[in-house]
Amino acid sequence: MANAIIEFKSVTKQYDNDPPVLDDVSFEIERGKFYTLLGPSGCGKTTILRLIAGFTEASDGEIYFNNKITNHVPANKRQVNTVFQDYALFPHLNVFENVAFGLRIKKMKNAEIEQKVKEALSFVNLEGYENREIREMSGGQRQRVAIARAIVNEPEVILLDEPLSALDLKLRTEMQYELRELQRRLGITFIFVTHDQEEALAMSDEIFVINKGKIQQSGTPTDIYDEPINRFVADFIGESNIVTGKMVQDQLVEMVGKRFECVDGGFQSNEPVEIVIRPEDLEITTVERGKLQVKVDSQLFRGVHYEISSYDQDGNEWLVHSTKKAVVGEEIGLYFDPEAIHVMRFNETEEEFDKRLEAYTDGSGHGK
Amino acid sequence: MDRKITPVSKIFLVIIFFILYAPIFFLIFYSFNSGGNMNNFEGFTFDWYKELFQDTRLLIIVLNTLVVALLAALFSTIIGVMGALGIHAARRRQTKNTLLSINNVLIVSPDVIIGASFLVLFTMAGIKLGFYSVLLSHIAFCVPIVVLMVLPKLSEMSPTLLDAARDLGASRLDVITKVVLPYITPGIFAGFFMALTFSLDDFAVTFFVTGNGFSTLSVEIYSLARRGISLNINALSTLLFLFTLILVVIYYFINQRQQKPVLGGRK
């Protein structure tokens with residue numbers, strides 16, 4: 001692709017004889033977008049970042065940067081800058097000198113350095129903090145210094161390694177907005193690593209969901225949320241009710257001993273499948289009106305909604321997010337639209353999944 | 001835990017410190033005695049100090065001691081820092097531990113053995129005993145100390161700092177000079193001053209490897225004391241004690257500067 005700035009081709013990273021950290025990973029990163037690598041800890045997302053930054057080398061496969069192979073280019077010669085999880089600010093330098101570090105290495109003129117550093121600091125709302133020592137800055141401020149230090153070098157790509165994980169919730173939400181806004185203003189590619197699915201959904205243009213050294217699914221936040229490819233993705237991104245069942249025919253699925261109309265297609269008849277229904281798509285109603293009959297087991301107040309846990313007669317758990325209270329122990333009915341049902345095939349690769357999705361959604365307007 | 005300090009423990013502490021410091025103060029006290037011995041104090045005098053400063057031979061020895069100490073501290077700091085960097089950079093844990101153990105053995109092994117082995121080495125290698133043999137041996141026993149002072153600083157340093165520097169375009173040399181060395185500077189200073197004090201007050205090793213016509217203070221004091229009691233020694237020891245005290249104070253202030261209190265940066 002012409003617009004790809006970074007491309008991984010069958011990249012594997014393996015230490016000694018341990019199982020590979022990254023297993024035959026291929027993807028493309030386009031210019032000027034906000035990407036998120038999302039996955040549980042130890043899934044290999046940080047390894048991808050370190051490979052892009054050049055802190056570590058791939059055991060196998062090629063990494064292209066601007067269509068040039070870049071496997072053996074040392075970190076200091078790459079057009080990327082990183083914002084580290086612990087910020088990695090130099091404690092012996094003040095704010096100004098920290099931001100100026102990269103420019104001084106490039107032997108830029110003092111006047112120019114001063115101007116660029118001022119600009120970068122104002123970008124992250126830290127004007128007037130030039131002479132502060134790092135230890136005098138709060139966590140959020142250090143975070144901004146680290147970002148300023150990365151953007152001042154005008155890299156083509158900025159890598160962010162869980163940069164918000166050390167901040168408290170309120171500050172984190174604030175920084176999410178700021179980072180997104182910063183990316184739009186700068187127009188450069190951001191690659192953001194996180195294990196926080198809400199953060200990923202809120203900020204990204206594109207999400208790569210990674211597990212066990214493989215990319216499970218990539219796509220826009222809505223794609224991934226509405227059409228997860230498998231159990232792992234459905235479970236990791238948001239809350240979900242997952243039950244097994246079978247596809248009687250296209251647009252007709254059987255679960256919990258009943259048949260339901262749905263909008264998914266491209267299956268063999270009677271193929272065993274997994275079915276996802278998001279808790280917020282379930283509506284509490286009377287037993288008669290409900291498509292499913294369940295018994296309320298417990299209820300948690302989550303602020304925005306009640307999280308109600310209930311069980312059907314087969315013993316499947318159904319989580320419901322509702323603004324209305326339910327009564328524990330009571331039989332209730334659950335209603336959902338055919339569009340709320342998402343059917344997943346077992347062991348489907350992303351390629352097959354995309355092809356099938358394209359084939360059956362053609363003109364039928366699947367999705368919400 | 002918030003345990004109370006009982007009067008007993010206070011008294012214990014006072015007694016211990018008294019026992020430790022009493023001989024030194026006794027020595028200092030009698031250096032001002034006009035009586036000429038340490039049996040009874042007859043009157044206050046600076047005579048012993050005056051005599052000390054008129055003794056050019058002794059002054060040269062003082063100068064020798066200082067030159068050896070400063071040079072030994074300087075060279076051992078350079079070598080020690082490089083050694084610490086090397087040990088820190090060792091990838092395999094076993095290599096690291098082995099190197100560190102070899103380093104530590106040199107610190108704990110008795111001075112007498114180090115001195116004797118140096119004497120054997122210098123004679124076999126044909127190095128004339130004197131200034132250079134003393135300097136070389138001092139550098140040798142100071143290096144492990146510097147390594148030991150610098151290493152904790154290195155391991156305290158987050159490895160992402162190095163990644164960050166590389167990421168910002170720093171070459172390997174830049175990383176060392178612009179990030180690592182500034183970061184471990186307190187350790188380097190601590191190592192330097194430690195080496196300085198170790199070299200200044202070393203007796204055993206120096207005693208072995210010093211030759212005719214070259215002597216350091218500790219060796220000289222020893223030979224003076226053997227010849228018979230003169231309050232010259234008291235005066236000299238007093239000055240030496242004050243000098244070490246000054247070093248300790250300097251070291252204290254360097255440490256203080258490193259741990260400046262945080263000014264209002266807290267959230």
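## Where the two chains meet

Let's start at the boundary between the chains: in this predicted model, one salt bridge is found across the interface of chain B and chain A. The partners are Arg50(A) and Asp163(B), whose closest N and O atoms lie 3.1 Å apart. That distance falls within the 4 Å cut-off, so the pair counts as a salt bridge. Besides this, eight residue pairs are in polar contact between chain B and chain A, counting pairs with both residues at pLDDT 80 or more.

Which elements of chain B supply at least two residues each to the side that touches chain A? They are helix 7 (159-167) and helix 8 (172-200) of chain B. Helix 7 of chain B gives the largest share of that side, seven residues. By type, the residues on this side of chain B are 10 nonpolar, five polar and seven charged.

## How much is buried

The size of an interface is often given as the accessible area lost when the parts come together. Here chain B and chain A bury about 2100 Å² between them, and 59% of this area is on carbon and sulfur atoms. In terms of residues, 22 from chain B are in contact with 27 from chain A.

## A four-stranded sheet in chain A

Now for a look inside chain A. Four of its strands make up an open sheet with antiparallel pairing, in the order 2-1-4-5. At the edges are strand 2 (22-30) and strand 5 (68-69) of chain A, each of which pairs on one side only. Two bridges connect strand 5 of chain A to strand 4 (residues 60-65) of chain A in the antiparallel sense.

## Strand 16 and its partners

Further along chain A, strand 16 (residues 292-301) runs antiparallel to strand 17 (residues 306-311), and six bridges join them. Gln299(A), for instance, has Ile308(A) in strand 17 as its bridge partner. These two strands of chain A form a hairpin with four residues between them. In the turn, Gly303(A) has a positive phi of about 95 degrees.

Strand 16 of chain A is also joined by four bridges to strand 19 (residues 331-335) of chain A, again running antiparallel. There, Gln293(A) stands opposite Gly333(A) in strand 19.

Methods: Residues numbered from 1 in each chain as written. Chains lettered and ligands numbered in written order. Predicted model: local features only at pLDDT ≥ 70, side-chain atom pairs only at ≥ 80, totals over all residues. Heavy atoms only, no water. Contact = heavy atoms within 4.5 Å. Buried area = accessible area lost by both parts, 1.4 Å probe. Salt bridge = Lys/Arg side-chain N within 4 Å of Asp/Glu carboxyl O. Polar contact = N/O pair within 3.5 Å; in protein donor to acceptor, adjacent residues only side chain to side chain. Nonpolar A, V, L, I, M, F, W, Y, C, P; charged D, E, K, R; others polar. Pairing = 2+ DSSP bridges.
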